[in-house]
Amino acid sequence: MEAQGQIQVQDLNAWFGTTQALYNINLEILPKHTTAIIGPSGCGKSTFVRCINRMHETLPNTRVSGKVQIAELDVYGKGVSPVWVRRRVGMVFQKANPFPTMSIYDNVAAGLKLNGYSNRHELDKIVERSLRQAALWEEVKDSLKKKSGASLSGGQQQRLCIARALAVEPDVLLMDEPASALDPISTAKIEDLIFDLKQQYTVVIVTHNMQQAARVAEYTAFFLMGNLVEFDKTEKMFTKPSDKRTEDYITGRFG
Amino acid sequence: MTRTRFHQGLDELKQKLLTMGGMAEQAVERAVRAYQTGDVAVCQLVLRDEGKINAVEREVDELAVDLLAMQQPMAVDLRFIIACIKINADLERVGDQAVNIAERVMDLANQPKSTVNADIARMASLAINMVREALNAFLTADADIAQTVLEKDDLVDNMNREIFDAADYAMTHSIETHRHALDTLLVARNLERVADHATNIAEDVIFWVRGADVRHHAQG
């Protein structure tokens, strides 16, 4: 059996209508490591991560073929519920999207409550643990039920969304440009957080910021026009990439 | 092509370093010519220009640091800038060796000649050629040329050892001319160092172009 949080992608193709967005992606993402996905706009990097937790199919006229395996879970297997997949694979987006009218507490507990969780004492514990993991606890512990998610700063909102994703105890955390709308201090907090999270979770981060990829990820995958061009250890990718196209992209010699 | 300003900066760095290389190479050539002709006036030129080399060294370093800080270079560009910083230091040291040789030549002018059997001219020609070829490899981003520089270092090292023995013999057999022999020995020593710096430069070119570390016979 594969290790918890290991992601194996085989011959993955994805379409928007008749437009193919991903071509035969084969990739193995190591558990409890951070993998960065880089590439120019429109290269398919967001589509790739959205295929991992079956978010791609939520858009109209989309299609996926191939295999995504997370440990023993065949993500596109017959009878596999997308809801179940998304419990195993949390996602954080570029723009923080807390439930605006809910309190901080309810934002974190929402996923569990939705799943029928009602033990108050247990919920308290999970909310605290999740907020601590998201490095937000100290800042909000005194106003958990008084303040709404929307009252927090942008950086805090993003960490709240991370706490919300962690509350359901996923194996994998997908992050699509999680810090691109944040100031450098909030960005640094998120990056430190990613470093801590990978002790427990498999983290896959889409980023336009190559320095960020270099700082947080042990492995980096470079996508171009829907193809996976190169996948290797991050330090190798950024000092001595094997493929000329990777070299051209990361040194800004494109186009 | 994107990042135009960055690539202009890289070109400027290369040009400055080649200027630095030309100055260091000229300094050694002058010092060796002074040794061969005994022309102390040429030694003064070497001493005078050392400050200019040091000034360009600072300019190269400043530009390299600016590029690292402002442009966050990656991959081949990162290797290039790191190589430039190291080559810069080696070229400055080549300039220092030229000054050392010039100082020996000025001392030699006042000493009775010894019979030390040293082919300084050939050794100098080899060492200067190594610097020139290392700079040529840098100019053309040619790791093969750089490789040929590495292969010549042993030749210069061997000549240095031969001159050491010859100087030792001369000093033992003629006490009146021992200082001449000593100066000659030091000139050889400085030329051997010049060749070492050329070797370092060649290794840095290989690192830049191939991403391989070939120092100390490491497998790249």
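Modeller: With pairing: two strands pair if DSSP finds at least two bridges between them. Strands (E, at least two residues) and helices (H or I, at least four residues) are DSSP runs, numbered from the N terminus. In strand 7 of chain A, Val172(A) is the bridge partner of Val89(A).

Biologist: What are the ground rules?

Modeller: Residues are numbered from 1 along each chain as its sequence is written, while chains are lettered from A and ligands numbered from 1 in the order in which they are written. The model is predicted: local features need pLDDT of at least 70, side-chain atom pairs count only at pLDDT 80 or more, and totals for chains, interfaces and linings use all residues.

Biologist: What is the mean pLDDT of chain B?

Modeller: pLDDT is the predictor's confidence in each residue, from 0 to 100. For chain B the mean is 93, and 98% of its residues reach 70 or more. The model has ipTM 0.71 and pTM 0.83.

Biologist: How many bridges join strand 6 of chain A to strand 7?

Modeller: There are 4, and the two strands run parallel. Strand 6 covers residues 89-92, and strand 7 covers 172-176. Gly90(A) sits opposite Leu173(A). On to strand 8 (residues 202-206): 5 bridges join it to strand 7, again parallel. There Leu173(A) faces Val203(A).

Biologist: Why is strand 7 of chain A largely enclosed by the rest of the structure?

Modeller: A residue is buried if 20 or more other C-beta atoms lie within 10 Å of its own, exposed if 12 or fewer, and partly exposed in between, with C-beta atoms placed from the backbone. Strand 7 is largely enclosed because 5 of its 5 residues are buried. Val172(A), Leu174(A) and Asp176(A) point one way, Leu173(A) and Met175(A) the other.

Biologist: What order has the open sheet of 4 strands in chain A?

Modeller: The order is 2-1-4-5, with antiparallel pairing. Strand 2 (19-29) and strand 5 (73-74) are the edges, each pairing on one side only.

Biologist: Now a helix. Which elements do the buried residues of helix 5 of chain B pack against?

Modeller: Helix 4 (120-140) and helix 6 (178-210) of chain B. The buried set in helix 5 includes Val149(B), Val156(B), Met159(B) and Ile163(B). The expected span of a helix is 1.5 Å times one less than its number of residues. Helix 5 (residues 143-173) has 31 residues and should span 45 Å; its end C-alpha atoms are 46 Å apart, which agrees.

Biologist: And contacts? What is Ala127(B) in contact with?

Modeller: Two residues are in contact if their C-beta atoms, placed from the backbone, lie within 7 Å. Leaving aside neighbours within four places in sequence, Ala127(B) contacts Val156(B), Leu191(B), Val194(B), Ala195(B) and Ala198(B).

Biologist: How many residues of chain B are in contact with chain A?

Modeller: 12 residues of chain B, against 13 of chain A. Helix 3 (residues 75-108) of chain B gives the most to its side, with 5 residues.

Biologist: Last one: is Leu160(A) buried or exposed?

Modeller: Leu160(A) is buried, with 25 other C-beta atoms within 10 Å. Its place is helix 6 (residues 154-167) of chain A. Beyond four places in sequence, Leu160(A) touches residues including Pro98(A), Ile104(A) and Leu136(A).
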